[in-house]
Amino acid sequence: MATTADIDVLVSDNTAVDLVLFEYWLDGYSVNEAANLVRRNESEFLRNFSEDLVIADILDQYRTFALIEKLLPCPAKLSEDWTFRMAESTKITLVEKFYDFDETVMRSILGRKLSARSRKDLDEVSRKSGKSLKSCRRQFDNFKRIFKTIDGIPGNMVANIQSHFLLSECLAQKYANYMCYNRFELNKRRPFRGWTSVFRN
């Protein structure tokens, strides 16, 4: 007598990700602010689309980004996740953009204790850099996460950052530079004059 087995098959569409909207989301733009930017930059293409449709699409993308964000503290989880079906190159780009940082923001973070209190006091950093508070907090959290994970691990720092966070060599090198600088815990009143001043005897 032949037997049959029940097999569950999961079929899902590829996750659509608009990388331009992802950058707007990272920068802290609201749905309405992003819609205005999209309208201004793609007015010819969107002239036949209603405002409600544009808003709905952006809102859907923002919800997707919020779900993806939960995996980005450990980028390997995004690479292994089956929920979001997308090209590996897209996943790499999302990770790279999420961990990218503004030099002005990072220089303002240097010398601060990577504590919850410091995270709450980023309003001045936001004002000076012109970046949203949300963006500054993301950059602070990313730097803290990488610093706490990599600090103390033997071996090449750049290679360790790449291994744990799947970043490009260029971005990993930038993090390594700032991590070395931050170890000095310099007073913020001392101006940043470039890496030659950091490593000068």
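Tutor: Helix α11 (residues 157-165) packs with helix α12 (residues 169-182) at an angle of about 120 degrees, and their axes are 8 Å apart. That makes α11 oblique to α12, since angles under 35 degrees count as roughly parallel, over 145 as roughly antiparallel, 65 to 115 as roughly perpendicular and the rest as oblique. The axes are lines fitted to C-alpha atoms, for helices over the stretch in contact, and angles run from 0 to 180 degrees between N-to-C directions. This is a predicted model, in which local features need pLDDT of at least 70, side-chain atom pairs count only at pLDDT 80 or more, and totals for chains, interfaces and linings use all residues. Residues are numbered from 1 along each chain as its sequence is written, and side-chain values use heavy atoms, with hydrogens and water left out.

Student: Which residues of α11 and α12 meet?

Tutor: Contact means heavy atoms within 4.5 Å. From α11, Met 157, Val 158, Ile 161 and Gln 162 meet Glu 169, Ala 172, Gln 173, Tyr 175, Ala 176, Met 179 and Cys 180 of α12. The residues of this contact comprise eight nonpolar, two polar and one charged; Ala, Val, Leu, Ile, Met, Phe, Trp, Tyr, Cys and Pro count as nonpolar, Asp, Glu, Lys and Arg as charged, and the others, Gly among them, as polar.

Student: What is the pairing of α1 with α4 like in angle and axis distance?

Tutor: Two packed helices are described by the angle between their axes and the distance between the axes. Helix α1 (residues 19-26) and helix α4 (residues 51-69) pack at about 70 degrees, with axes 10 Å apart. That makes α1 roughly perpendicular to α4. On the α1 side the contact involves Leu 21, Phe 22, Tyr 24 and Trp 25, and on the α4 side Asp 57, Ile 58, Gln 61, Tyr 62, Phe 65, Ala 66 and Glu 69. By class, the residues of the contact of α1 with α4 are eight nonpolar, one polar and two charged.

Student: Is Ile 68 buried or exposed?

Tutor: Buried means under 20% relative accessible area, exposed over 50%, and partly exposed in between (1.4 Å probe, protein chains only). Ile 68, found in helix α4, counts as buried at 0% relative accessibility. Leaving aside neighbours within four places in sequence, Ile 68 contacts Val 17, Leu 78, Phe 84, Met 86 and Leu 94. Not counting residues up to four places away in sequence, Thr 64 touches Thr 15 and Phe 84.

Student: What is the phi of Leu 166?

Tutor: Most residues other than glycine have a negative phi. Leu 166 has a positive phi of about 55 degrees although it is not a glycine. Leu 166 is found in the loop between α11 and α12 and is partly exposed, with a relative accessible area of 38%.

Student: How many helices and strands does the chain have?

Tutor: Helices (H or I, at least four residues) and strands (E, at least two) are DSSP runs, numbered from the N terminus. The chain has 13 helices and zero strands. Of its 201 residues, 34% count as buried. Among contacts between residues at least 6 apart in sequence, 60% join residues at least 24 apart.
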